Amino acid sequence: MEPHMSTTPFGRRTLSLAHVAAQMSAKEREPEASTHKWQIFRSICTAKDRIGVTERALSVLNALLTFFPETVLSGDNLVVFPSNDQLSLRAHGMAPSTLRRHLAVLVDAGVIVRRDSPNGKRYARKGRGGDIELAFGFDLAPIVARAEEFERLAEEILAEDRALKLARERVSICRRDIAKMIETGLEEDVPTRRDGQGPADWQEVHLMFRAIINGIPRNATRYQVERAAQELSLLADEVLNILEMHVKAQNPGANESHSGRHKQNSNPEPFIEVEPRSRISDGAKAEPDPQTQLMPEKTFPLAMVLQACPDISDYAKGGIGNWRDLVATVAVVRPMLGISASAWEDACTVMGEVEAAIVLAAILQRGESISSAGGYLRSLTGRVRAGEFSLGPVLMALLRKRKADPGSLRSA
């Protein structure tokens, strides 16, 4: 008569559907399936959080694997049957109650299966040839059945860790570069603003830098670190551009094409304007060129904008994770503020779509202090066109107000 394999636990322990599922996977594994027990143990350790086992449970699993004599887990007889005393010794002297608790964790996670005897003891029956015919203890077959799953989970976690490490390295490099470039700009007295564009001073650049750094949580996810790295990279490029433009201005002869444009011509030809200037007298104030007054897009980090203008996030369907999300959210908010399509198109033409979206987010944040959002936007557009407006001080003021009164509502 063939022996009946136990499927339910002894005593007061209950049988759950998870236990049944683990037994099914062990039963349905390929007959020739096998795996290296220590290699798969490393995969389980790597993916322990996904699998649902604790570090102490892994110590118990390590002890159980030492009771299987072969290095490769294969075949039908994968039951180990150590006593609690033996298992406790190999688990570094773990207390019996703790041992039972972590054995239950391994069973619930589907890593091992209980094969309890009629009296709950662990032992094996041998045949006439000395081979084990029937064993009662812990079946390691689920480890073989789920080996590919455990390896895949471990690979995903390792890939995530590598991506997180690369993002952190990028953040570290950008932090170093920006800090040293700001120091150089201060020491060399490099101007940050040209033709009415750019940050007001190096203090404003430093505030933008610190806003990104302070926005990184203590236990940041890979997405949060990568977003911070992207914003720091954009800021680093902007700061480097400020220094490079200063170097070119100080050494015009270093660039052949640049110096060629500044050669004196005895019979100069008028430049062809993209849009013709209005005719004015010599004593009148020259009208600025609309093309040179356009505000550059993505001057400010997104994290800083959302920190200064958090109210805009309330209108986002799935959160604001990039500039495209901000622009899409502003499209919803604009008609709510009573801003006409023509005023918005004019602002986008002069400022750029992203900068116009930031301005509108700031208008929303100021709320009731602005009686006519449409008229205010047209006024700002005119000031930008005249080179008399910078968005940096507005964001800095909103940030300072929120820092001084975190519980306040919209800024006045």
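Mentor: Asp-189 is found in the loop between helix α8, residues 147-187, and helix α9, residues 202-214. Bear in mind that the model is a predicted one, and that every value below is computed from it. The phi angle of Asp-189 is near 55 degrees, which is a positive value in a residue other than glycine. Asp-189 counts as exposed because its relative accessible area is 64%, and the cut-off for that word is over 50%.

With a relative accessible area of 71%, His-92 is exposed.

Helix α6 also holds Pro-96, which counts as partly exposed because its relative accessibility is 49%. Pro-96 and Asn-84 are separated by 12 residues in sequence, while their C-alpha atoms are 7.0 Å apart in space. Helix α6, spanning residues 96-108, packs against helix α4, residues 55-66, at an angle of about 85 degrees and with the two axes 9 Å apart; α4 and α6 are therefore roughly perpendicular to each other, since that description covers angles from 65 to 115 degrees. On the α4 side the contact involves Arg-56, Ala-57, Val-60, Leu-61 and Leu-64, and these meet Thr-98, Leu-99, His-102, Leu-103, Val-105 and Leu-106 of α6.

A further helix pair gives another geometry. Helix α16, residues 353-366, and helix α17, residues 373-385, pack at an angle of about 135 degrees with their axes 11 Å apart, and α16 and α17 are therefore oblique to each other. The crossing in which α16 passes α17 is right-handed. Here Val-359, Ile-363 and Arg-366 from α16 meet Ala-373, Tyr-376, Leu-377 and Leu-380 from α17.

Turning to the rings, two arginines are placed over phenylalanines. The charged end of Arg-90 sits over the ring of Phe-67, at 3.9 Å from the ring centre, and Arg-210 lies over the face of Phe-209, 5.9 Å from the centre of that ring.

For pairs of aromatic rings whose centres lie within 6.5 Å, the count comes to one. Trp-38 and Phe-41 form this pair, which is edge-to-face, with 6.1 Å from centre to centre and 90 degrees between the planes. Both residues belong to helix α2, residues 37-46, where they are three residues apart, or about one turn of the helix. Trp-38 counts as partly exposed because its relative accessibility is 26%, whereas Phe-41, at 12%, counts as buried.

In helix α3, residues 48-51, lies Asp-49, which is exposed because its relative accessible area is 67%. Asp-49 and Leu-153 are 104 residues apart in sequence, and yet 9.9 Å apart in space, C-alpha to C-alpha.

As a setting for these details, the protein chain has 18 helices and six strands, and of its 412 residues 39% count as buried. Among contacts between residues at least 6 apart in sequence, 70% join residues at least 24 apart.

How values were computed
Residues are numbered from 1 along each chain as its sequence is written. This is a predicted model: local features need pLDDT of at least 70, side-chain atom pairs count only at pLDDT 80 or more; totals for chains, interfaces and linings use all residues. Side-chain values use heavy atoms; hydrogens and water are left out. Rings of Phe, Tyr and Trp (its six-membered ring) pair if their centres lie within 6.5 Å; planes under 30 degrees apart count as stacked, over 60 as edge-to-face and the rest as tilted. Helices (H or I, at least four residues) and strands (E, at least two) are DSSP runs, numbered from the N terminus. Buried means under 20% relative accessible area, exposed over 50%, partly exposed in between (1.4 Å probe, protein chains only). A charge sits over a ring if NZ of Lys or CZ of Arg is within 6 Å of the ring centre and within 35 degrees of the ring normal. Axes are lines fitted to C-alpha atoms, for helices over the stretch in contact, and angles run from 0 to 180 degrees between N-to-C directions. Angles under 35 degrees count as roughly parallel, over 145 as roughly antiparallel, 65 to 115 as roughly perpendicular and the rest as oblique. A crossing is left-handed if the near helix is turned anticlockwise from the far one by less than a right angle, and right-handed if clockwise. Contact means heavy atoms within 4.5 Å.
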